[in-house]
Amino acid sequence: MTDRLKLAVLGTPIAHSRSPQLQQTFADCCGIADFSYERIETDCDALTDTVKRLVADGYDGFNCTMPLKTDMAALADDITHEASVLRSVNTVAVRDGRLYGDTTDGGGILLTIRRGLGLGNSDNITADMNGLIKDKRVLLLGAGGSARSTALSVTLAGAKLTILNRTLESAYSLGDMLANLSDNGKPECGALTPENMCEAAKSADILVNCTAAGMKGKPEFESLDFIDCLPEHALVIDAVYNPLETALLKRAADRGLRHMSGLWMLVYQGALAFEHWSGWLPDENACKKAFDNIAAL
């Protein structure tokens, strides 16, 4: 494990990012005293120059938020399989002047599911992942950036996926991308209507909301009746984490369903990124501490 790290997060807007506090928590937990992680306002036009400066200035790595993830996938010298399929990179490690890109967003959702199901142990957050959601039915609401990462990861993990999106063409496009990546075949796709959500919810083991519905300043779902259609064993995850308890999660809680805030997705993708840079994978205790720290912001 390294004894120093110089990191950053790039994006626009970036002032709201909770990643500095998140990554500082991990550094404190593993004893890295010489640590820095800064916010750097960067748009797509400035990305190449910003990255060159970071490499020249000795940064060990950085995160990218929207709208930079696609452009960063093209800039990286090496990227992982999932990042290549999605053409999206959110984590970069700089080694000997080369840029190694990965997407940890999908891993973040799988670890959130793992925690929501009450599985695994506290020492290794990536243990017991084989077969975690194989053949489970996942209902995904949305087909945008976070939905694409979620869809790919649950598909590769063997889940049976249904995608509902307001723009039907985007749902089918995402389904086509995933068609040959699973023995379960192409995901079922449909329009994001109250009727379709209720029907698909009836057989869902896991529901993941990756739309902006319920986010602070955004409209709520037209109806939350689809939550009442879920089986009693279902797990509900809302990628929205501002507010921390969305109307969706409150409805799930009122029904007694297992539910997880999207803030856990942020924590776990950050933990996987921290391992890329430091060689140390945060354990569940470190992740819980990080969650509490950034939930208070």
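I began with the salt bridge between Arg251 and Asp225, whose side chains meet at 3.2 Å, N to O. My cut-off was a side-chain nitrogen of Lys or Arg within 4 Å of a carboxyl oxygen of Asp or Glu. Arg251 lies in helix H10 (residues 247-254) and Asp225 in helix H9, so the pair ties together parts 26 residues apart in sequence. I took helices (H or I, at least four residues) and strands (E, at least two) as DSSP runs, numbered from the N terminus.

This is a predicted model: local features need pLDDT of at least 70, side-chain atom pairs count only at pLDDT 80 or more, and totals for chains, interfaces and linings use all residues. Residues are numbered from 1 along each chain as its sequence is written, and side-chain values use heavy atoms, with hydrogens and water left out.

Next I checked accessibility. I called a residue buried under 20% relative accessible area, exposed over 50%, and partly exposed in between (1.4 Å probe, protein chains only). Arg251 is partly exposed at 24%, and Asp225 is partly exposed at 41%.

I then searched the whole structure and found twelve salt bridges. Lys288 pairs with Asp292, the closest N and O atoms being 2.9 Å apart. Both lie in helix H12 (residues 284-295), four residues apart, about one turn of the helix. Lys288 is partly exposed at 34%, as is Asp292 at 39%. Salt bridges with shared partners join Arg114, Arg115 and Glu284 into one network.

Arg115 came up again when I looked at rings. Its charged end sits over the ring of Trp264, 3.9 Å from the centre. The test was NZ of Lys or CZ of Arg within 6 Å of the ring centre and within 35 degrees of the ring normal.

For ring pairs I used Phe, Tyr and Trp (its six-membered ring) with centres within 6.5 Å; planes under 30 degrees apart are stacked, over 60 edge-to-face, the rest tilted. I counted seven aromatic pairs. Phe221 and Phe226 are edge-to-face, 5.3 Å centre to centre, with 65 degrees between the planes. Phe221 is buried at 9%, and Phe226 is buried at 1%. Ring pairs also link Phe26, Phe35, Phe274 and Trp280 into a cluster.
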